[in-house]
Amino acid sequence: MDLIESYITWLEHNRGRAERTAAKYRQALGRLAAFLKQRGQQLHQATRDDLEAFTGLHAHQELKLAPRARRPLVAAIRGFYTWAFQHGHIAGNPAAGIDYPKTGRRLPRAMSLGNAEKLLMQCDLGDFLGVRDAAILSVIIGCGPRISGVMGLNEEDLIWYADAGRERLAIRFREKGDKERLVPAPTETALLIHAYLGHHDLEGIDRTLPTGERVLWVSTMNRMIPPHEYHGEARRLSDRRFFKRLRLYGERAGIPIEELHPHALRHLFGTELAESDVDLLVRQDLLGHADPKTTQVYTTLAMRKKAAVVDQASPLRKMRTPVSDLARHLERSKGRPS
């Protein structure tokens with residue numbers, strides 16, 4: 001196994017880095033190896049001058065990377081050479097002191113409530129894909145997860161529990177290196193997920209994983225996968241495909257392009273929490289900046305306070321959705337979605 005793969009294996013298993021992070025580091029180090037090869041060198045022969053040339057002028061002129069985009073490149077190289085030095089693969093650490101490019105602090109662009117409403121109302125609830133997309137959007141708007149956490153959901157991550165005589169939903173998200181957190185979902189989200197799970201088009205799709213769990217959000221067309229292999233994990237809707245769907249809805253609704261990103265919906269959730277004067281620690285918990293572990297046994301106790309916060313401050317509560325009237329009726333009657 002070469003040095004890069006040895007490092008990536010160590011990064012995943014010893015440092016618990018997510019698969020996506022490992023892939024980015026592998027790509028960055030592969031680019032460095034190609035750069036050094038042009039200079040007649042290998043990774044273990046690199047000097048500080050080589051690394052500064054690669055992360056500076058080469059990254060800017062040849063790779064066309066902006067300063068912010070070069071930061072992961074520097075992180076990968078610093079981490080790799082620190083590891084190589086500590087494990088005796090090289091005599092010294094040429095990356096020691098390699099600086100990150102200076103960048104201005106970028107403020108997050110949140111989607112407005114009005115545009116989030118327009119986006120959600122674009123989904124056709126008479127169509128299976130429209131129901132699926134409305135449910136996904138309601139999870140992001142109503143619970144504020146990262147897109148990786150949403151698309152990685154299995155049906156078993158939906159935890160239904162009783163609270164004050166009515167059914168509630170909490171969703172278990174795994175993000176940032178498989179760290180888990182439970183977030184209570186608004187009634188609107190629960191209704192749309194019920195509609196999706198109960199749709200007859202979902203019944204004939206084999207989405208069962210080797211563990212026995214079931215992929216939650218399914219794709220319906222992938223010509224790159226042979227029909228006999230199109231099941232289980234292969235059925236999971238990808239981030240990229242959902243992003244295209246979001247852009248399509250947003251363009252139809254006339255939403256500015258800079259708001260057409262899943263993270264803009266997460267920022268909307270965070271912004272509304274702050275504007276509703278939600279306690280900072282509760283906000284950190286709901287947004288996943290702190291990651292408490294909760295078991296299903298304690299769901300009702302752990303979720304009650306946060307559920308009240310979501311009911312009060314969720315963006316879905318402040319806008320019109322296809323199921324707003326039904327959600328209000330259920331809350332007044334303490335009923336159960338069916």
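**Note on the predicted model**

1. F242 touches D133, I136, L137, I140, I147, M151 and L237, leaving aside residues up to four places away in sequence, where contact means heavy atoms within 4.5 Å. This is a predicted model, in which local features need pLDDT of at least 70 and side-chain atom pairs count only at pLDDT 80 or more, while totals for chains, interfaces and linings use all residues. Residues are numbered from 1 along each chain as its sequence is written, and side-chain values use heavy atoms, with hydrogens and water left out.

2. F242 is also one of the residues with the most contacts inside the largest nonpolar core, together with I171, Y196, W217 and L265, and that core has 61 residues. Helix α6 (residues 128–143) gives the largest share of this core, 10 residues. A further core of 30 residues lies apart from it, and I8, L11, I77 and I90 are among its members. A nonpolar core here is a set of buried Ala, Val, Leu, Ile, Met, Phe, Trp, Tyr and Cys residues joined through side-chain atoms within 4.5 Å; buried means under 20% relative accessible area, exposed over 50%, and partly exposed in between (1.4 Å probe, protein chains only).

3. For the chain as a whole, the secondary structure comes to 14 helices and three strands, these being DSSP runs numbered from the N terminus (helices H or I, at least four residues; strands E, at least two). Of its 338 residues, 46% count as buried, and the C-alpha trace spans about 75 × 50 × 45 Å along its principal axes. Among the contacts with a separation of 6 or more, 63% come from residues 24 or more positions apart.

4. Strands β2 and β3 run antiparallel and are joined by seven bridges, two strands being paired if DSSP finds at least two bridges between them. L169 has A185 in β3 as its bridge partner. Because five of the seven residues of β3 (residues 179–185) are buried, this strand is largely enclosed by the rest of the structure.

5. Two backbone angles deserve a check, given that most residues other than glycine have a negative phi. K64, in the loop between α3 (48–61) and α4 (67–86), has a positive phi near 60°, and K64 is exposed, with a relative accessible area of 66%. A164, in the loop between β1 (158–163) and β2 (166–175), has a positive phi near 55°, and A164 likewise counts as exposed, at 54% relative accessibility.
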